[in-house]
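Subject: Structure for you to look at

Hi,

Here is the structure I promised to pass on. Have a look at it first, and then read my notes below.

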Amino acid sequence: MSTSTLPYAAVPAAPSAAAPSPVRPAGSPPGFWRAPFAAATYREIGYTVTSLPVAVVGFTFAVTMFALGVSLFVTVLGLPVLAAALAGARGFGAAERGRARSQLGLDVAGPAAVDKPRDAGAWAGMRARLSDGAGWRALLFQFVMFPSRVVSFVLSVTFLVTGWVVALLPAYSWVFPRYLDWPGYRLFDYTSGGEHHAFYLESPVQIAGASLVGLVIVFLTPKLVRALTNIDRAAVRSLLG
């Protein structure tokens, strides 16, 4: 009597766990070759550009209120002015933390609220406001960040515009001889001491070389902007948290 063995049913192999894809930490800079085209880079550039008018308003408020409060300190009016300056500085600090969160990917928790004694009168509340360390740090932020933000605005805009304008020179170099009667892009053209000095980028080699320099600037701009915004990151963490 022969016996036949039934073939075992094929058991599907368990799917292997897929290797997790690397996740870039929030707020980390994009790679070098991708950075000039990444949205994160232009959010940081937008931050440096908008920081100038914000810094002007904040610095003007801080200087005006502090100077007015100190000048009136010999009278009773100086105390409420300084208290209002600290309250306003806290408001500016909250706005700065929001800008850092949305444009720099930096989430810093705000300081604790001012501990005002209940049912102790207006003067007690004012003394609590004047002893608010977070308010004084927020006021200091408006002073120390003003020059830094002026420099950040100038450098980021200059490098961004110069880099792309020079890098794209081959795309529009035909405009100069056709519409301006220049042989090429004019670097300088002047007469001094009866001698004429001029230099134009007109040959393909010159135009390609200039474009290469522009590309170098384009790829270095995100690094520069990142370094400039790191100053703001450090200031927000240390003075507004």
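Predicted model: local features only at pLDDT ≥ 70, side-chain atom pairs only at ≥ 80, totals over all residues.

A residue counts as buried here when its relative accessible area is under 20%, as exposed when it is over 50%, and as partly exposed in between.

Take Glu 96 to begin with: its relative accessibility is 1%, so it counts as buried. Its side chain meets that of Arg 99 in a salt bridge, 3.0 Å from N to O. Both sit in helix 2, and because they are three residues apart, about one helical turn separates them. Arg 99 has a relative accessible area of 13%, so this residue is buried too.

Searching the whole structure turns up seven salt bridges. Another of them is between the side chains of Glu 44 and Arg 226, at 2.7 Å from N to O. This one links distant parts of the chain, since Glu 44 is in helix 1 and Arg 226 is in helix 7, 182 residues apart. Are these two buried or exposed? Glu 44 is buried at 7% relative accessibility, and Arg 226 is buried as well, with a relative accessible area of 17%.

Then there is Asp 132 with Arg 90, a salt bridge whose closest N and O atoms are 2.6 Å apart. Asp 132 is in the loop between helix 3 (122-130) and helix 4, while Arg 90 is in helix 2, so the bridge ties together parts that lie 42 residues apart in sequence. Asp 132 comes out at 8% relative accessibility and so counts as buried; Arg 90, at 18%, also counts as buried.

Helix 7 deserves a look of its own. It runs over residues 204-240, which makes 37 residues, and spans 53 Å from its first C-alpha to its last, close to the 54 Å expected at 1.5 Å a residue.

On to the nonpolar side. The largest nonpolar core has 16 residues, and those with the most contacts inside it include Ala 100, Leu 104, Phe 141 and Val 236. Helix 1 (39-71), helix 2 (78-104), helix 4 (133-167) and helix 7 are the elements that give two or more residues to this core. Apart from it lies another core, of five residues, with Leu 169, Leu 201, Ile 207 and Ala 210 among them.

Ser 156, in helix 4, has a relative accessible area of 0%, so it is buried. Its side chain makes a polar contact of 3.0 Å with the side chain of Thr 48 and also reaches the backbone oxygen of Phe 153 at 3.3 Å. Beyond its neighbours within four places in sequence, Ser 156 is in contact with Thr 48, Val 225 and Leu 228.

Glu 202 is in the loop between strand 2 (195-201) and helix 7. With a relative accessible area of 46%, this residue is partly exposed. Leaving aside neighbours within four places in sequence, its contacts are Pro 183, Gly 184 and Ile 207. Arg 186 is 16 residues from Glu 202 in sequence, and their C-alpha atoms are 8.8 Å apart.

Cheers

How values were computed. Residues numbered from 1 in each chain as written. Heavy atoms only, no water. Helix = DSSP H or I, 4+ residues; strand = E, 2+ residues; numbered from the N terminus. Expected span 1.5 Å × (residues − 1). Core = buried A, V, L, I, M, F, W, Y, C linked by side-chain atoms within 4.5 Å. Buried < 20%, exposed > 50% of the residue type's maximum accessible area, 1.4 Å probe, protein only. Polar contact = N/O pair within 3.5 Å; in protein donor to acceptor, adjacent residues only side chain to side chain. Contact = heavy atoms within 4.5 Å. Salt bridge = Lys/Arg side-chain N within 4 Å of Asp/Glu carboxyl O.
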